[in-house]
Amino acid sequence: MTTAPTTHAAALALGDDALVLSHRLGEWAGNAPVLEEEVALANIALDLLGQARVLLSLVGDEDELAYLREERSFRNLQLVEQPNGDFAHTLARQLYFSTYQRLLYRELATGDTPLTGLAAKAVKEVAYHQDHAEHWTLRLGDGTPESHRRMQQACEALWRYTGEMFQPLDGLDIDWPQLEADWLTSVTGVLERATLTVPEGPRTGAWAAGAGRQGLHTEPFGRMLAEMQHLHRSHPGATW
Amino acid sequence: MTTDGWPLWEVFVRSRRGLSHTHAGSLHAPDAEMALRNARDLYTRRNEGVSIWVVPSTAITASSPDEKDPFFEPSADKPYRHPTFYEIPEGVKHL
Amino acid sequence: MTAVTTDTQEAEAQAAHEAAFDAAVAAEERIEPRDWMPDAYRASLVRQIAQHAHSEIIGMQPEANWITRAPTLRRKAILMAKVQDEAGHGLYLYSAAETLGTSRDELLDKLHAGRQKYSSIFNYPTLTWADVGAIGWLVDGAAITNQVPLCRCSYGPYARAMVRICKEESFHQRQGYESLLALSKGTPEQHAMAQDAVDRWWWPSLMMFGPPDGESAHSAQSMAWKIKRHSNDELRQRFVDICVPQAQALGLTLPDPDLRWNEERGHYDFGPIDWTEFWDVLKGNGPCNEQRLDRRRQAHEEGAWVREAAAAYAAKHGEARA
C-alpha cells in the first residue's frame, strides 16, 4: 500500500550521513578558529542532527538505530565519517557533501515519498551549508599561500570518497548520472573560482566502490562509534 | 578595531516585516559577505529576524555626548509640535 | 599664567564631567560608550566583562567534553545548542568590552597569557554524564542569580548584553534540571551518578559568588557605581534558598550537614565554605586550569592561518575596511 518500506534503505542511508557528519562537526565545539565560526559550525551540526532524527525515525527508534547498531550496519558515506583534520579538511568535506545533499534534496523535495516533507525543509538548511562551504573554500583557496596549500591538500585527500555519493539508493527516483554531472559542474566551478586545481585522482577507492552504503567503513569510524555509543550501551534500557 | 585583521561590524535586524531594522549588536568578520552570514548565525538563531543589515563600525558617524545639549535640548521647548498643545472644544470629533 | 588657567579650566571641566556622571548613575540612567566616565569605572568594567566573556568560552570545554558521548540524540541536540549559546554569549560580551575601547584580540591575548581570569568553576572536570546536568542546574543557576541583576547594570552595552544572555540562558538551567531528574528517577546506577555529580558541584557553585563581602576586592566600588547590585553573600544566600527545595524535588541531597532552615533569619543556614580551595584553584592549582588554557591557546593558534586567509582574501578583493 504505502511506499514506506521501499524508502527505508534510503532514509537509513541519508539519516546516517546526517548523523555522522553532525557528530564530526560537534567535535569542533570549543576548537573553532574564531568565535563566529563556533556558532556557524554548531548551526550546521544542529541542522544535520535534526535531519538525522527525522530520517531515522522513519525507519525505527532513533536512539536504537544510532546507539545500538554495529559499525557494519551503518549505511553512511565514507566521506562523512572522515576525521575533521584541519579546518581545510572539514570545509572540503562540507563542500563536497553539502553540494551533493543540496542537489539530491532538491530532487527529493519535488517527489511524493515519505522523504518529501523532510527534503523540502532540509533543502533550505542545506543550501545555507553549501553557501557557507563555498564562501570558505574561496577564502582558503584564494587567501594566503599556506591556506591555499592546505585547502588543495584537503580537496585532494577527500576526492577519493566522492564517487560513492552517486551509487543509486533503492527506492529513490533520481537520475544519478545527471546528479553526478551537476555535482561535478558545481564543485569544479567553486574550486576554480577559489584558484584551486580540480583533483585528478580517482573518485572511488580501488577496493571499495560504494563501500559505506554497503556497510564497509574506514578505520576511524569504529573509534567514532565507540565514543558515541559507549555511555548509552553501558546502561541498557535506561532512559535519559 | 580588528581581530587578526577582521574588522568590527554593527548588526541591525528586522524582526518582522513592517518593523524597522534595530541594532542587535556587533561581531567580527573579514568582509561584508561573511559579516552577513555571521550575523545570521549569531543574531537570528532563535528565529529573531527576517532581514539583516551589516555596517562596518568605522562607517558610523555618531553625535558626540559633548554636543548633547546643543543637539537635543533646543527641541525640548517646542511643545507646539505636539498635538496635545492645542485646546479643542469638547465634542469636536475627528481632529 | 596661561598654563595655570588651562589647568584650572581642565580641573573644572573634569569636575563637571564627574558631577554629570555621578548624577546619571544616581538617577539610574545608563552610561553609554561615548559618555565621559572615570578611568577606574572603565577599567573595572573591562575587567569584569572580560572575565565574564572568558568564562563563557572556557566554560564551553567541560560541557563539550560530553557532546560526542551524549546518551540520546535529543540530549545531544540540547547540549550542542547550549555549548553554542556559550560561544554566542562570549561574543556578545567581547562586543560590549569593545565599546569601551578594548579589542577582543587584546582580551584574548590576556586570557591566553594567564593575565585575566575566568570563573574558577570551569577548572573542575566533568567526569560523568550527570555532570552536564549538574552544571546546568547548579552552575548555570548560580550564574543566572549573578546575572539577572546585571541586566540593570549602569553601563548600557553590558546591561543590554546581559538581557539577551539571560533570555537565552533560561533554557540552560531547565535542561540541566530535567536531565538530573531523569537520572535521579532512573536506574540505581543513574541515581548514584546524579548524586555524585551534585556532591562534587555543590560547593564550587557556592564559591562562584566570590569571596565573602568583607574580603571582596572590588565589591564596594562596583556597588557604588551600580555595576553590581547585590553583595556576594546576599546572592549566595539567595541561591542556597532557591536550591534546597529544588534538590528535594529532584530526590537528591546537598552535601552539607549544616544545611537547615533558620526560622529567625527566614533563610537556610549553611556550613562553612572551604576558601582555601577557592584561592588555590584561582591561583592555578585546580584540577583543570592548565588543560583548559592549553586547549584554548591551541584552538586560537591552530586557527591563526584561517583568520589570516580570510583577511588576505578580503584585502585582495578590496573589501577590508579595518
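User: Let's start with one side chain: does C:E28 count as buried, partly exposed or exposed?

Analyst: This is a predicted model, and in it C:E28 counts as partly exposed, at 38% relative accessibility.

User: Which residue does C:E28 meet in a salt bridge?

Analyst: The side chain of C:E28 meets that of C:R229, with an N to O distance of 3.0 Å. The two come from distant parts of the chain, 201 residues apart, since C:R229 sits in the loop between α9 (219-224) and α10 (232-250) of chain C, while C:E28 sits in the loop between α1 (2-26) and α2 (39-58) of chain C. C:R229 counts as buried because its relative accessibility is 18%, which is under the 20% limit.

User: And what about C:D140 and C:K82, buried or exposed?

Analyst: Both C:D140 and C:K82 are buried, and their side chains form a salt bridge at 2.8 Å, N to O. This pair also links distant parts of the chain, with C:D140 in helix α6 (residues 130-147) of chain C and C:K82 in helix α4 of chain C, 58 residues apart.

User: How many salt bridges are there over all chains?

Analyst: A search of the whole structure gives 34. One of the pairs is A:R233 with A:E70, at 3.4 Å from N to O. A:R233 belongs to helix α9 (residues 219-234) of chain A and A:E70 to the loop between α3 (62-67) and α4 (78-81) of chain A, so this bridge ties together parts that are 163 residues apart in sequence. A:R233 itself is partly exposed, with a relative accessible area of 32%.

User: Which residues are linked with B:R45 in a network of salt bridges?

Analyst: B:R45 is joined in that network by B:R46, C:D85 and C:E168.

User: Changing topic, how much area is buried between chain C and chain A?

Analyst: About 4,000 Å² is buried there, and carbon and sulfur atoms give 66% of that area. The contact draws on 45 residues from chain C and 47 residues from chain A. Two salt bridges cross this interface, and A:D142 forms a salt bridge with C:K316 in which the closest N and O atoms are 3.0 Å apart. There are also 17 residue pairs in polar contact between chain C and chain A.

User: Which element gives the largest share of chain C's side?

Analyst: That is α4(C), which supplies 14 residues of the side of chain C that touches chain A. By residue type, that side divides into 26 nonpolar, nine polar and 10 charged residues.

User: And chain B against chain A, how much area is buried there?

Analyst: Between chain B and chain A the buried area is about 1,200 Å², with 55% coming from carbon and sulfur atoms. Of the area that chain B buries against chain A, B:M34, B:R37 and B:D41 supply 42%, more than any other three residues. The contact involves 12 residues from chain B and 10 residues from chain A.

User: How many salt bridges does the rule find across that interface?

Analyst: The rule finds three across the interface of chain B and chain A. B:E33 forms a salt bridge with A:R139, the closest N and O atoms being 2.8 Å apart. On the side of chain B that touches chain A, β3 (21-28) and α1 (32-43) of chain B each supply at least two residues, and α1(B) gives the largest share, seven residues. The residues on that side are four nonpolar, two polar and six charged.

Definitions and conventions: Residues are numbered from 1 along each chain as its sequence is written. Chains are lettered from A and ligands numbered from 1 in the order in which they are written. This is a predicted model: local features need pLDDT of at least 70, side-chain atom pairs count only at pLDDT 80 or more; totals for chains, interfaces and linings use all residues. Side-chain values use heavy atoms; hydrogens and water are left out. Contact means heavy atoms within 4.5 Å. Buried area is the accessible area (1.4 Å probe) that two parts lose on being put together, summed over both. A salt bridge is a side-chain nitrogen of Lys or Arg within 4 Å of a carboxyl oxygen of Asp or Glu. Helices (H or I, at least four residues) and strands (E, at least two) are DSSP runs, numbered from the N terminus. Ala, Val, Leu, Ile, Met, Phe, Trp, Tyr, Cys and Pro count as nonpolar, Asp, Glu, Lys and Arg as charged, and the others, Gly among them, as polar. A polar contact is a pair of N or O atoms within 3.5 Å; within protein, one must be able to donate a hydrogen and the other to accept it, and residues adjacent in sequence count only if both atoms are side-chain atoms. Buried means under 20% relative accessible area, exposed over 50%, partly exposed in between (1.4 Å probe, protein chains only).
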